[in-house]
Amino acid sequence: GGGGGGGGGGGRRGGGGGGTLAAGLASGSLAALLTTPADVIKTRVQCGRGGETVLGVARAIMRDEGPAGFFTGVGSRVGKTGPSMAISLAVYEGLKVLWASHAP
């Protein structure tokens, strides 16, 4: 079975691409976790019958599902957002180093 291969963010000229990947993964995962309740409410308001308020939807979630209802789909959000942020941050940092090396 093999673990991941190759690299952590492409090259070492920027210093510590693996650290950048880890920072992006951690920050993206935490952000996804913390914003899931707002996203759940927003999605249910958008998919509702119309006329439902944010507060009304939040109350219904709490009443019908309890606090866990606000975290419906959290695994999927963290599983998508964490790696996406890791890649985005690593690419950004890599391009920043590349552009700086070509500056006049």
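Reader: Where is the place of threonine 20?

Author: Some ground rules first. This is a predicted model, in which local features need pLDDT of at least 70 and side-chain atom pairs count only at pLDDT 80 or more, while totals for chains, interfaces and linings use all residues. Residues are numbered from 1 along each chain as its sequence is written, and side-chain values use heavy atoms, with hydrogens and water left out. Helices are DSSP runs (H or I, at least four residues), numbered from the N terminus. Threonine 20 lies in helix 1, residues 17-47.

Reader: Is threonine 20 buried or exposed?

Author: Buried means under 20% relative accessible area, exposed over 50%, partly exposed in between (1.4 Å probe, protein chains only). Threonine 20 has 17% relative accessibility, so it counts as buried. Contact means heavy atoms within 4.5 Å. Leaving out residues up to four places away in sequence, threonine 20 touches Leu89, Ala90 and Glu93.

Reader: What do the buried residues of helix 1 pack against?

Author: They pack against helix 2 and helix 3 (74-101). Among these buried residues are Gly24, Gly28, Ala32 and Val40. Take alanine 32, with a relative accessible area of 1%. Alanine 32 touches Arg77, Val78 and Thr81, not counting residues up to four places away in sequence. Alanine 32 and valine 78 are 46 residues apart in sequence, yet 5.4 Å apart in space, C-alpha to C-alpha.

Reader: Where does helix 1 bend?

Author: The bend at a residue is the angle between axes fitted to the seven residues ending there and the seven starting there. Helix 1 bends by about 50° at threonine 36. A proline, proline 37, follows within four residues.

Reader: At what angle do the axes of helix 1 and helix 2 cross?

Author: Axes are lines fitted to C-alpha atoms, for helices over the stretch in contact, and angles run from 0 to 180 degrees between N-to-C directions. These two axes come within 9 Å and cross at roughly 110°. Angles under 35 degrees count as roughly parallel, over 145 as roughly antiparallel, 65 to 115 as roughly perpendicular and the rest as oblique. Helix 1 and helix 2 are therefore roughly perpendicular.

Reader: Which residues make up the largest nonpolar core?

Author: In soluble globular proteins, nonpolar side chains tend to be buried together. A nonpolar core is a set of buried Ala, Val, Leu, Ile, Met, Phe, Trp, Tyr and Cys residues joined through side-chain atoms within 4.5 Å. Here the largest has 6 residues: Val40, Ile41, Val57, Ala58, Ile61 and Phe70. Helix 2 gives the most, with 3 residues.
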